[in-house]
Amino acid sequence: MIELRNVEKTYHTASGDIHALKRTSLTIEQGEIFGIIGLSGAGKSTLIRCINMLEQPTAGQVFVDGEELTAMTETQLRKARQNIGMIFQHFNLLASRTVYDNIAFPLEIQGLSKDEIKKRVEPLLDLVQLRERADHYPSQLSGGQKQRVGIARALASNPKVLLCDEATSALDPQTTKSILNLLRDINQRLNLTIVMITHQMEVVKEICDRVAVIEEGSIIEEGNMVEVFTNPQSPTTKDFVKSVNKLELPEAFKDTPVQDKYFEGSSMVVRLSFFGGNADKPVVSGMIRECGVDANILSGNLDQLKDRIYGNLLIVIEGSKDALENAEAYLRAQNLQVEVLGYVK
Ligand SMILES: Nc1ncnc2c1ncn2[C@@H]1O[C@H](COP(=O)(O)OP(=O)(O)O)[C@@H](O)[C@H]1O
Ligand SMILES: [Mg+2]
């Protein structure tokens, strides 16, 4: 549905060139929710704005729905953009227009009649549950309601693609959830392709099918969300995953130096991640039985990755050097993710 081919974006500024997006290729399939995560300044907004050509790429090609946007005239582009809705962190609503008139705005620009506009706007008011707010002004709305208006406005011209630039970053966690639920609902109901730009791993794990991690203008990691989440490769991706994996060494270990390698008399701290309910118990007791080690569970939690249950367990394993090696091998042979966090006394 969306393809970036060797796209680059360089901003020329008084203080020199900024290579905001380096040679990037990316394919996003029809109907998927694709997340792009990165720290502030990584180039996320630049990338997403290249998709609808709000930024003209310095090099490369952009295709949306089989058409090359980078080869179009202004007029062709205006038409093609009707296929691409966009929502923003700060909503970008028109303060002097009501909810209804904000949603109607892009349709007025397209020159639709009052009746045609009404036919489009009314069902959208229902979709985003704002019918009784139709005559309110943005200043009378909560952040979540404002973003619902933004979503309805973005959907007004029946786009095939919805671009979301930090769409939940200005919202509290509960409102964020409700907006993400709405986006998921729209994705399924309308089979809309959604691109989510965010710096929040919560957003990615809540609704994304696939994710790319962007750093200093380059995509450094990309894949199925669950795979990236459970087996992050780069340090940045690991940090993002850690930001939502609340497992930390307990207080008792706070002053204990954690070493990378085994040392005389040390115990091994391991994080186990698994899918499903209680896959943990037999694994740990099996390891104790088979490997001649002892183990203590330090903490554990259950989490949700999109629609799958995901569990985390932090355990400390005691035993001889050989026994610990056996235990690690035993765990790695199981159907779960194993990360040795280090060794403590
Ligand atoms: N219009 C612009 N002119 C000059 N530099 C820009 C412009 N927009 C973004 N940048 C620079 O490009 C880099 C990437 O910015 P941006 O795409 O906004 O990152 P993000 O959205 O990930 O925070 C930053 O260094 C930013 O300062
Ligand atoms: Mg940005």
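**Notes on the model**

1. Let's begin with Asn102. Leaving aside residues up to four places away in sequence, Asn102 touches Leu93, Leu94, Arg97, Pro138, Val149 and Arg153. Please keep in mind as you read that this is a predicted model. Asn102 sits in helix H3, and its side chain reaches the backbone nitrogen of Leu94 at 2.8 Å. Is Asn102 buried or exposed? With a relative accessible area of 1%, Asn102 is buried, because the limit for that label is under 20%.

2. Next, the surroundings of ligand 1. The shell consists of Tyr11, Thr13, Ile18, Ala20, Leu39, Ser40, Gly41, Ala42, Gly43, Lys44, Ser45 and Thr46. Sorted by class, these are 5 nonpolar, 6 polar and 1 charged residues. Strand E1 (2–13), strand E2 (16–28) and helix H1 (44–51) each supply at least two residues of this shell. Which of the elements gives the most to the shell? That is H1, with 3 residues.

3. Now for the polar atoms around the ligand.
   - Thr46: a polar side-chain atom lies 2.6 Å from an oxygen atom of ligand 1.
   - Lys44: an N or O atom in the side chain is 2.8 Å from an oxygen atom of ligand 1.
   - Ala42: here a backbone N or O atom is involved, at 3.2 Å from an oxygen atom of ligand 1.

On its own, ligand 1 has 560 Å² of accessible area, and the protein covers 61% of it.

4. Besides lying in the shell around ligand 1, Lys44 meets Glu166 in a salt bridge between side chains (3.9 Å, N to O). Why might you want to highlight this pair? Glu166 lies in the loop between E7 and helix H6 (173–190) while Lys44 is in helix H1, so the pair ties together parts that are 122 residues apart in sequence. Both partners are buried: Lys44 has 6% relative accessibility, and Glu166 has a relative accessible area of 10%.

5. How many salt bridges does a search of the whole structure find? The count is 16. One of them joins the side chains of Arg131 and Asp126 (2.7 Å, N to O). Arg131 is partly exposed, at a relative accessible area of 38%, and Asp126 is also partly exposed, with 40% relative accessibility.

6. Another salt bridge to display is the one between Lys306 and Asp209, whose closest N and O atoms are 2.4 Å apart. Lys306 lies in the loop between strand E12 (294–305) and strand E13 (308–318), and Asp209 in the loop between helix H7 (201–207) and strand E9 (210–215), so this pair ties together parts that are 97 residues apart in sequence. Lys306 counts as buried at 18% relative accessibility, whereas Asp209 is partly exposed, with a relative accessible area of 25%. There is also a network: salt bridges that share partners link Lys9, Arg49 and Glu55.

7. Asn92 has a phi near 50°, a positive value in a residue other than glycine. Asn92 is found in the loop between strand E6 (84–88) and helix H3 (99–109), and is partly exposed, with a relative accessible area of 42%. Asn158 also has a positive phi, near 50°. The place of Asn158 is the loop between helix H5 (143–155) and strand E7 (161–165). Is Asn158 buried or exposed? Its relative accessible area is 53%, so Asn158 counts as exposed, the limit being over 50%.

8. The C-alpha atoms of Ala71 and Gln61 are separated by 8.0 Å, with the two residues 10 apart along the chain.

Note on methods. Residues are numbered from 1 along each chain as its sequence is written. Chains are lettered from A and ligands numbered from 1 in the order in which they are written. This is a predicted model: local features need pLDDT of at least 70, side-chain atom pairs count only at pLDDT 80 or more; totals for chains, interfaces and linings use all residues. Side-chain values use heavy atoms; hydrogens and water are left out. A residue is near a molecule or strand if one of its heavy atoms lies within 4 Å of it. A polar contact is a pair of N or O atoms within 3.5 Å; within protein, one must be able to donate a hydrogen and the other to accept it, and residues adjacent in sequence count only if both atoms are side-chain atoms. Accessible areas come from the Shrake-Rupley method with a 1.4 Å probe; for residues, only the protein chains shown count as cover. Helices (H or I, at least four residues) and strands (E, at least two) are DSSP runs, numbered from the N terminus. Ala, Val, Leu, Ile, Met, Phe, Trp, Tyr, Cys and Pro count as nonpolar, Asp, Glu, Lys and Arg as charged, and the others, Gly among them, as polar. Buried means under 20% relative accessible area, exposed over 50%, partly exposed in between (1.4 Å probe, protein chains only). Contact means heavy atoms within 4.5 Å. A salt bridge is a side-chain nitrogen of Lys or Arg within 4 Å of a carboxyl oxygen of Asp or Glu.
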